[in-house]
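Student: Hi! Could you walk me through this one while I have it open on my screen?

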Amino acid sequence: MLRVLYGGSPAAAAKTLELILKDSAMSMNSSLESEKYKIVGVLTNPPTAKGRHKDLIPTDVAQYAQIWNEARGDDIKIFALEHIKEEARNAIATVKPDIFVCFAYGHILGPKFFSLFKYGGVNLHPSLLPKYRGATPVNAAILNQDTETGYALQKMSLGIDEGDILFMERVGLTGTETSELLLNKFALYGGIAITNLLRQTAKTGSLPDAFPQSGSASYCTTIKKEDGRINWQDSADKIDAQIRAYTPWPGCYTTANGQQLRILKGAAASKIADQDTAIPKNTSAVAGTVLAYIKQRGILVQTGDGVLIVTELQWQAKKAMDYKSFMNGARNFIGSILE
């Protein structure tokens, strides 16, 4: 039986863990002894203080592992660690893991850590490596308006996302995806690929053949909260991509009549203007001007090039609203200039 340590923290990583755990349970009940594998532990971040009372909340991965333990009577060890030093490595060694697999774990790991595993580590990375190495590849693909992206299973190395490729799949983009939706898609697709890899490794006693990364490497930058501010001099297509790339975090915002206004959903008018002649593709108005409210479509805002159709908004410290509800209480909004 192959013993697996899983690493990850956010909600998408918990979705992948759920898929792997369910497949693992099936493998353990299978008559095929050679394909059996088991998650013996999860490695995740420590709980964080949230809410008014600063309650310590475990990561999504830790929460799901706990739910699984309680529901199945299992004993998956939860290692919620800030740093992996000797004491932590010794604790991990007690579950005798053969392989480490991770998705969105977000920590740099050293050779002493990898020495704990017979088969080393495998990372699910949501890009077509070596394109978009780093922590925000899904956001980068949307921001750059790529027509395709993908995901890879890579052998973990000491360099950031530099390991050889075990499996890679391309995925076409429609120009409507948000980072949240795309990350969840890769959590599913990549999770299936991981289960196949684990079954094969359990059966053959070795990882699949890997191949070196090919092409020019590029790196994605760390996202900051202020990256969500909209520059209305940008094109409608660029702002459209910005809104989708920063959903759900950090979100996009502007200023309207001195108040912060979050723009939660929108789309470049050019995407539908050919089918709806009531929607202008562009006007001569100043960038940021709120042009009109079209009940069947949304709120039209002029950008530096093209018109953006806004469909969901949120005043600071208020609830999110669809554009119709928003306009019910937004006097003098049409004709104002967003900044």
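Tutor: Happy to. One term before we start: a contact here means heavy atoms within 4.5 Å. Also keep in mind that this is a predicted model.

Student: Got it. So what does Tyr-6 touch?

Tutor: Leaving out residues up to four places away in sequence, Tyr-6 touches Ala-13, Thr-16, Leu-17, Ile-20, Ile-39, Gly-41, Val-42, Leu-43, Val-61, Phe-100, Val-101 and Phe-103.

Student: And which residues touch the most other members of the largest nonpolar core?

Tutor: That core has 64 residues, and the ones touching the most other members are Tyr-6, Ile-99, Leu-198, Ile-299, Phe-326 and Phe-333. Apart from it lies another core of 15 residues, with Leu-43, Ile-92, Cys-102 and Phe-113 among them.

Student: How many residues of β13 are buried?

Tutor: Five of its five; β13 covers residues 298-302.

Student: What about the strand after that, β14?

Tutor: β14 spans residues 307-315 and runs antiparallel to β13, with four bridges joining them.

Student: Nice. Changing topic: which strand does β10 pair with?

Tutor: β10 pairs with β11, residues 259-268, in the antiparallel sense over five bridges. Cys-252 has Ile-263 in β11 as its bridge partner. There are two residues between the strands of this hairpin, and Asn-257 takes a positive phi near 50° there. As for burial, β10 covers residues 252-256, and four of its five residues are buried.

Student: I'm looking at the loop between α7 and β10 now. What is the peptide bond from Thr-247 to Pro-248, cis or trans?

Tutor: The bond from Thr-247 to Pro-248 is cis, with omega near 10°. Pro-248 sits in the loop between α7, residues 236-245, and β10. Pro-250 is found in that loop between α7 and β10 too, and the peptide bond from Trp-249 to Pro-250 is cis, with omega near 5°.

Student: What follows it?

Tutor: Gly-205 follows α6, and its phi is positive, near 80°.

Student: Now the rings. How many aromatic pairs does the structure hold?

Tutor: Twelve. One of them is Tyr-151 with Tyr-189, a tilted pair at 6.4 Å centre to centre, with 55° between the planes.

Student: Which parts does that pair tie together?

Tutor: Tyr-151 lies in strand β8, residues 148-155, and Tyr-189 in helix α6, so the pair links parts that are 38 residues apart in sequence.

Student: Are those two tyrosines buried or exposed?

Tutor: Tyr-151 has 2% relative accessibility, so it counts as buried. Tyr-189 is partly exposed, with a relative accessible area of 32%.

Student: Which rings link into a cluster?

Tutor: Phe-100, Tyr-105, Phe-113, Phe-114 and Phe-117 are joined into a cluster by ring pairs.

Student: Why does Asp-161 count as buried?

Tutor: Because its relative accessible area is 12%, and buried means under 20%.

Student: And Asn-332, where is that?

Tutor: Asn-332 is in the segment after α8, residues 323-328. Asn-332 also has a positive phi, about 60°, although it is not a glycine. Its relative accessibility is 71%, so Asn-332 counts as exposed.

Note on methods:
Residues numbered from 1 in each chain as written. Predicted model: local features only at pLDDT ≥ 70, side-chain atom pairs only at ≥ 80, totals over all residues. Heavy atoms only, no water. Core = buried A, V, L, I, M, F, W, Y, C linked by side-chain atoms within 4.5 Å. Buried < 20%, exposed > 50% of the residue type's maximum accessible area, 1.4 Å probe, protein only. Pairing = 2+ DSSP bridges. Phe/Tyr/Trp six-rings, centres within 6.5 Å; stacked < 30°, edge-to-face > 60°.
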